[in-house]
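This note sets out some points for a colleague who is examining the model. It should be read with the sequence and the coordinates at hand.

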Amino acid sequence: MYEDGWIPTVCYQCKAECSILAHVKDGVVCEVKGNPRARGKMCVKGMAGITSLYSKERLTHPMKRVGERGEGKFEKISWDEAMEMMESKLRALHEKGEGHKFTYSMFPHSATDPKWRFMNAYGGFITTGLPHCDSAKIMSHLHAFGCFPNHHIAPIYYSVPKGGLMIMAGRHPFGCMDDASVARDILDAKERGAKLIVIDPIFRTEAAKADWWIPIKPGGDASFFLGVCNYLIENDLYNKDFCEKWVREGDMDNIKSYIADKTPEKMSAICEVPAADIIKLAKMVAEAPSACIDAFKSIMYGNAMDWGHVWSIFLVITGNLDNPGGQPLPELTPMAPVEPIPTGPDLKELGYHRTGPNREKFDNYNFIMQPTWYAPQAIKEGNLKIFFATECNPALSEMGSSVWRDAVTLKDDDGNYMLDFFMVSEILPSETMKWADLVLPDQTNYERWELLYMPWWYNYSHGAAICRPVVKPVGEARHTNNVIIDLGKKMFPEYFAFKDDVEYYDIELAGVGMSIQKLLDNGGMWNTGAAGFYKYKDSGKFGTPSGKIELEFQMYANIGKEWPDPAMPVEFKVDEEKFPFILVNIRSMFMNNTGAWSHNNAQLRDPVSGVDSNPIMINPLDAKKLNINDGDTVSMESSTATASSIVQLTEKIKPGCVGIIHGFGQTVGKVATQSGPWINDNDLIADAGSHLDQQDLCGGEAHVSTRVNIYK
Amino acid sequence: MKQLSIMVDMDRCIGCKTCVVACRNHHGLVDHRNDMPGEIPYYIKVESKSEGTFPDLTEDFWVSPCKHCKTAPCATACESGAIRKDKQTGIVLIDKDLCVGAQKCIEKCPYGVIQFNKAKNYAHKCNMCFDRVIHGQEPVCVEACITDALSFGEKEILKMRAEAKGKEIVKKMSSQSIIYVKSATQ
């Protein structure tokens, strides 16, 4: 099964999952690089994946908790005992008819991930980071032009023509979250005459390479682009031919009425970008052959749905849909179903955020998955009883993460944990593990099979890649997919009649004319790279109910949100005097957010090859007012928590903002705890469930930023 | 003279450090099982410089490996004859079997790029992937660079390529085998 040589497989140091080659010598992975048959690149996180694979801190055997939750005390157990623990707990809850009180937090690698299948068979829900990161973009684009371009469907930079505009709004694609080739593609486009425009309160690497950096007030993107759209419409600079042909009748008249008072001057007062710059960008857009927006962080604020809506409007009125250099519109191509198909539970009826006291408010919310951030609330209300977490770190990644940690230790009057059972499967020790009842050692991407396929796109077009075991697994590590398949065979044999994960993938792949063997024969992947353009012309319609582009969101008429609000996010409008700074939590290309692997990877926490600390970035103008010097230790206080770290004075941040890297906070593992100092940003952010007044109840977005005060 | 070189396009380097890790992996510099941050040897490092005040800022990134000096101070300093500049390639090489661990090369290197293996008592550094280039391959940092900011070849040819792309050589940074270039318009 194992062989030496350069073996095609897939990286999994982050969710981009780039196709790679692993150099195996004498049964050991010694080098890795991008697969030249794919997009040919692999980033620093990926290169450091070998260190995760061979770290002496790898989890190598199942363990069960012996102390209280949070103490992190475990003893080694057998796989048989681990399987029995899970099965007995799951059966007991299921027999009570409360399958919906089981949630699995994970990242499905394909829409038909076997773990997701198990959850559907059981009647539980999965949660992912998707609602944090994507929901507003996904929902607004779905409402407007009926497609599903999540944040991994960024503009195709290799398609941007000379003169095209690449606009990054709070997006840092050089961090390789889409594909390791993206930075190259952006710089190639720039070399052929495309323009890079970066809108960001922090001057980061993308801004350093940009033709134009526009520092903006965090959360000001909706107002900024409304100003741009106002100028385009008021001055007849929008794409009239496109709008006349494709926009629903009446919507253009309505948007003209709505947008008439969203002038660059008025919008400038909100976003703190000069009106002249808003007009300058509008004129550039009008003259450019294409324009695209790539946004990520900016779509995570409390006005995310408004910003997503404006983003959609901008793309439509400039005709930048499914064109070279614009927003790609992937079509859906599902794989073959593995019969019989288990039907999942009704999210709207049984999802735990729907079952609490705020149920009616959440009926405005319209998303396809259970959001993660109401888990503490659900535990308190008795709506979450069993929780599984695989390759995720909710003890750090939940907003108000201290509330999450408290919730999982809550006990009822009889002294039993309110959350009855908690399983974590991981590769390296994670913060979340400390609260687990059962810890299972997972396999890295170098030890396991995994099918990478999404019914929309995988890395720029339809395609699939196969992650395959290239070396023997470390210790007793088992891939969690196989653990869950085994549980499925015991509990729901009718849905798990296939032999193993490989056969399961083969059945699915047959639906698109592929198989595991064909993928292997083809160098580990299948992807023509053909994204296709103007596909809506072929079908003569968009995927909306009317078949036309729908600019007015009539589905939100009941809450008065037919059109976007240019106002700042709600969380920035409270306690401005007490907490004068806006916290900007940025992504680092060396970290996979809160992922335990990067925080316990010696190369990624090494000062020469990674990032070894997480100082608080402050502009010298603000520091002077506070009498703070570079290197001082200061406290950062939000409405819900206080943390301290050292200050880094930098001209690279907009005055009025403070910046830290998102994802720090790991207190488990030698590597993570040796480096420092750091702050866990999510501890400072209000917990969603207990701060509903600050939560967006119409767009399905969470607030991942907050106001803070800084003092010595 | 013959001189193989690496050209660093500062318009494209984003300081991502991919080359640092690729280099370590290729040369076996990491003990993946045991190494802790801050103690892992390296043959190439990333540097940067930002200038200006908010909001008028610039920032450059570049990589800095061994410069394979024309007259290498490390070779001159070495009394055991372990360091030589290869005539065919211009690459400065340390023969670890001849190295006696005197570390004089480390004292004399103006760029601070020579590493020392205490356990095995020898000095080591970037050899421009001699094992690869003599087989017609690029150094691993050049192959791994995610933005194609690095290119490899004979120095005179790299300079011609830079000129054809409208790039100027940043003379104050460039040295015998590492050439730094930027767009002439920037």
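How many salt bridges does the structure hold over all chains? The model is a predicted one, and it holds 51 of them over all chains.

1. Salt bridge within chain A. A:Glu447 and A:Arg58 form a salt bridge in which the closest N and O atoms are 3.0 Å apart. A:Glu447 is in the loop between β14 (438-441) and β15 (450-452) of chain A, and A:Arg58 is in the loop between α2 (49-54) and β4 (63-65) of chain A, so the pair ties together parts that are 389 residues apart in sequence. A:Glu447 is buried, and A:Arg58 is buried too.

2. Salt bridge within chain B. B:Glu79 and B:Lys104 meet through their side chains in a salt bridge, at 3.0 Å from N to O. This pair links distant parts of the chain, 25 residues apart: B:Glu79 belongs to the loop between α2 (73-77) and β4 (83-85) of chain B, and B:Lys104 to helix α3 (residues 104-108) of chain B. B:Glu79 is exposed, with a relative accessible area of 67%, whereas B:Lys104 is partly exposed, at 33%.

3. Extent of the interface. In the interface, 50 residues of chain A are in contact with 48 residues of chain B. The area buried between the two chains is about 3800 Å², and carbon and sulfur atoms give 58% of this area. Of the area that chain B buries against chain A, 18% is supplied by B:His32, B:Phe54 and B:Ile146, more than by any other three residues.

4. Polar and charged pairs across the interface. The rule finds eight salt bridges between chain B and chain A. Across the same interface of chain B and chain A there are 21 residue pairs in polar contact, with both residues at pLDDT 80 or more. On the side of chain B that touches chain A, at least two residues each come from α1 (18-27), β2 (44-53), β3 (56-65) and α5 (140-144) of chain B. The most is given by α1(B), with seven residues. By class, this side of chain B has 21 nonpolar, 13 polar and 14 charged residues.

5. Individual salt bridges between the chains. B:Arg24 forms a salt bridge with A:Asp606, the closest N and O atoms being 2.9 Å apart. A salt bridge also joins B:Arg12 to A:Glu191, with the closest N and O atoms 3.2 Å apart. The latter pair crosses between chains, from the loop between β1 (4-9) and α1 of chain B, where B:Arg12 lies, to helix α7 (residues 182-191) of chain A, which holds A:Glu191. B:Arg12 is buried, with a relative accessible area of 3%, whereas A:Glu191 is partly exposed, with 41%.

6. Is A:His599 buried or exposed? A:His599 counts as buried because its relative accessibility is 1%, and buried means under 20%. A polar atom of the A:His599 side chain lies 2.8 Å from the backbone oxygen of A:Asn593. Leaving aside residues up to four places away in sequence, A:His599 touches several residues, among them A:Met591, A:Arg605, A:Phe664 and A:Val671.

Terms used:
Residues numbered from 1 in each chain as written. Chains lettered and ligands numbered in written order. Predicted model: local features only at pLDDT ≥ 70, side-chain atom pairs only at ≥ 80, totals over all residues. Heavy atoms only, no water. Contact = heavy atoms within 4.5 Å. Buried area = accessible area lost by both parts, 1.4 Å probe. Salt bridge = Lys/Arg side-chain N within 4 Å of Asp/Glu carboxyl O. Polar contact = N/O pair within 3.5 Å; in protein donor to acceptor, adjacent residues only side chain to side chain. Helix = DSSP H or I, 4+ residues; strand = E, 2+ residues; numbered from the N terminus. Nonpolar A, V, L, I, M, F, W, Y, C, P; charged D, E, K, R; others polar. Buried < 20%, exposed > 50% of the residue type's maximum accessible area, 1.4 Å probe, protein only.
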